[in-house]
Amino acid sequence: LFLLNCSLRADNANSKKFLDKLSEKINGEKESINLSRYINKLDELIDILAPVEKIVLGMPLYVDGIPSATLRVMEMLERKCKGVDKKIYVVANMGLYESVQIKNLLSMVKTLCDTCGYTYGGGIAIGAGTDVAIDAATIILVKSRLTDVPAAICLSRAVIKNIHENLFWAFFYNLICIPLAAGFYQALFHWNYEMNPMIGDS
């Protein structure tokens, strides 16, 4: 996993602080780096990103749009790494006025993924977003607290786990009770049993 801070403010950027916080909650091998370090040698950065399977883009948003260096990285990725198996995630740090750019940003990343054959992993919007951000992002942190991101991830994992458990028990219940309601067990085992219609209906 590679966490790329796309803000030119480097370690002073809010996106960098978020990526560091996120990195603490991620298990396994990971690396975090600032785009500003490679601003005059983007080819070297693309060589580093080429073999990476999962990339998290920490993106600052400005009123006038997305930083041009980030756009150049996306263009170079498209040229050099097209068809390579990658998964791209986006974390956008924004204020009220910048939130109008979130839809453009996520749309561009989705287009990049579709063009290059990558998998788009979703986007998280951090900041005082508007309905535009709510419509575009996968997760929206309204209170702008970075600690809410790990909590949101844990919550989503718990929900998925609960869904899987419910599916298992629903399958198990139907596997046992549908043949019972249909009288299959009576015919198979010669049971002299009459089921209550209320139980059969359930």
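Predicted model: local features only at pLDDT ≥ 70, side-chain atom pairs only at ≥ 80, totals over all residues.
**Exercise 1. Asparagine 5**

Task: State where asparagine 5 is placed, whether asparagine 5 is buried or exposed, and which residues are in contact with asparagine 5 beyond four places in sequence.

Solution. 
1. Asparagine 5 belongs to strand β1, residues 2–5.
2. Its relative accessible area is 0%. Buried means under 20%, so asparagine 5 is buried.
3. With neighbours within four places in sequence set aside, the contacts of asparagine 5 are Ala10, Ala13, Ser15, Lys16, Leu19, Ile33, Asn34, Leu35 and Gly58.
4. Ser15, Lys16 and Leu19 are among the buried residues of helix α1 (residues 14–24).

**Exercise 2. The buried side of helix α1**

Task: List which residues are buried in helix α1 and work out why they are on the same side of α1.

Solution. 
1. The buried residues in α1 are Ser15, Lys16, Phe18, Leu19, Leu22 and Ser23.
2. Around the axis they span an arc of only 160 degrees, and therefore they lie on the same side of α1.

**Exercise 3. Nonpolar cores**

Task: Identify which residues touch the most other members of the largest nonpolar core, and which elements give two or more residues to this core.

Solution. 
1. The largest nonpolar core has 32 residues, and Leu4, Leu35, Leu45, Leu49, Val73 and Tyr118 touch the most other members.
2. Two or more residues each come from β1, α2 (42–49), β3 (54–60), α3 (68–80), β4 (87–93) and α4 (102–116).
3. Helix α4 gives the largest share, 7 residues.
4. Valine 73 is in contact with Leu35, Leu42, Leu45, Ile46 and Leu49, leaving aside neighbours within four places in sequence.
5. Another core, of 6 residues, lies apart from the largest one; Leu3, Phe18, Val56 and Val91 are among its residues.

How values were computed
Residues numbered from 1 in each chain as written. Heavy atoms only, no water. Helix = DSSP H or I, 4+ residues; strand = E, 2+ residues; numbered from the N terminus. Buried < 20%, exposed > 50% of the residue type's maximum accessible area, 1.4 Å probe, protein only. Contact = heavy atoms within 4.5 Å. Arc of directions from axis to C-beta. Core = buried A, V, L, I, M, F, W, Y, C linked by side-chain atoms within 4.5 Å.
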